Amino acid sequence: MTLAADVDRLAAESDFAGVVRVDRAGNTELSAAYGLADRRHGIPLTPDSQVAIASGSKGMTALAVMSLVEDGTLSLGTTARSLLGTDLPLIADDVTVEHLLAHTSGIGDYLDEDDDVPISAYAMTVPVQHLATTEQFLAVLDGFPTAFPAGQKFFYCNGGYVVLALLAERASGVPFHDLVRQRVCAPAGLEDTDFLRSDALPGRAALGYVEMDGEWRTNVFHLPVLGTGDGGIYTTGADVHRFWTALFAGAIVRPETVAQMVRPRSTAPYDDRRYGLGFWVHPTRDVPQLEGYDAGASFLSQHDPAEGLTVTVVGTTAEAAWPLAKLLQARLVD
């Protein structure tokens, strides 16, 4: 059975709603969309739909930060405290940009993924419409004690990437969303990639969905109205491929910086994957990955620079992407 036929079959079996794309050596081997972008109005997803990638955005945050490192605005050794001043006093004085990028900062997390909270829960502690700028996230970042000394171990931390966005914004004097647009999206040619407000989505953007009380509801009340360093970007399958191509061509940051970011520094305690600076890395191969999981969003994209292979699955529910991502990884990557 062909790859396309296998994907069609599994998409039907799993009631998948989202986009799948495979590119190899400059050729698009698969580009397909399934399900509805808007379930109420029956609007189908297409390969050109803009879909949220949740924590897949962290790679772009890391690149914006490393771009500032390259031009001397920040350094990996810059402490968070030097730019936070008296804000977020529970963040230890020795926490650096490098610790935050590598998830080794030890800071307390406002969205701790180890908490036994269902993905459908309303997790935000302030009204989501009040979270539209990076500075506004101070209200949800504060009050979380240090979990362990900086540099001691790896612990995935959403809040650390919001802090990175805050540091980048304060150091550069440029709003964080504009930093990502200027330093990542523009040089990579990502015309369909941006932070989008969930209450004002453009026509090609897909809604995210959460199953509650036996029905599908949009995730508009579950997430910040406009994401920042740890999530919030919408993109297309084609733009994800452009992103990886531009990244390894040195169009966003220098090749030596890319090598530094995709070099494994830690191994996750809950699986065999490794982590660099803003990127996951395959357990045994030099294949960087971006992943996202949130209410109404699931995303996995990986790129093998040796083969010029990019595999991307993005779904409009928290669990949608994983069956197809597992199939494609087994067929094409492992």
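Is H103 buried or exposed? At 1% relative accessibility, H103 counts as buried, where buried means under 20% relative accessible area, exposed over 50% and partly exposed in between, with a 1.4 Å probe and protein chains only.

Hello everyone. Before going on, please keep in mind that this is a predicted model, in which local features need pLDDT of at least 70, side-chain atom pairs count only at pLDDT 80 or more, and totals for chains, interfaces and linings use all residues. Residues are numbered from 1 along each chain as its sequence is written, and side-chain values use heavy atoms, with hydrogens and water left out.

Back to H103, then. You will find H103 in the loop between α4 (97-102) and α5; helices (H or I, at least four residues) and strands (E, at least two) are DSSP runs, numbered from the N terminus. H103 is not a glycine, yet its phi is positive, about 60 degrees. As background, most residues other than glycine have a negative phi. D15 also has a positive phi, near 55 degrees, and is a residue other than glycine. D15 sits in the loop between α1 and β1, and with a relative accessible area of 62% D15 is exposed.

Now to helix α2, residues 58-70. How far apart are its end C-alpha atoms? They are 18 Å apart, which agrees with the 18 Å that its 13 residues should span at 1.5 Å a residue; the expected span is 1.5 Å times one less than the number of residues. In α2, 11 of the 13 residues are buried, so the helix is largely enclosed by the rest of the structure. Among them are K58, M60, L63 and M66. After α2 comes G72, with a positive phi near 85 degrees.

Helix α10, residues 321-333, has buried residues too, including L324, L328 and L332. What covers them? The cover of the buried residues of α10 includes α1 (3-13), β1 (18-24), β13 (288-294), β14 (297-304) and β15 (309-315); contact here means heavy atoms within 4.5 Å.

On to the rings. The structure holds nine aromatic pairs. Rings of Phe, Tyr and Trp (its six-membered ring) pair if their centres lie within 6.5 Å, and planes under 30 degrees apart count as stacked, over 60 as edge-to-face and the rest as tilted. Y156 and W280 are stacked, at 6.0 Å centre to centre with 15 degrees between the planes. This pair links distant parts of the chain, 124 residues apart: Y156 is in the loop between α5 (138-141) and α6 (158-172), and W280 is in strand β12 (residues 280-281). Both Y156 and W280 are buried. The centres of F243 and W244 are 5.5 Å apart and their planes lie at 65 degrees, so that pair is edge-to-face. F243 and W244 are both buried. Ring pairs also join F154, Y156, Y275 and W280 into a cluster.

A charge sits over a ring if NZ of Lys or CZ of Arg is within 6 Å of the ring centre and within 35 degrees of the ring normal. Likewise, the charged end of R39 sits over the ring of W216, 4.5 Å from its centre.

Last stop: D38, in strand β3 (residues 36-38). Leaving aside residues up to four places away in sequence, D38 touches I43, L207 and Y209.
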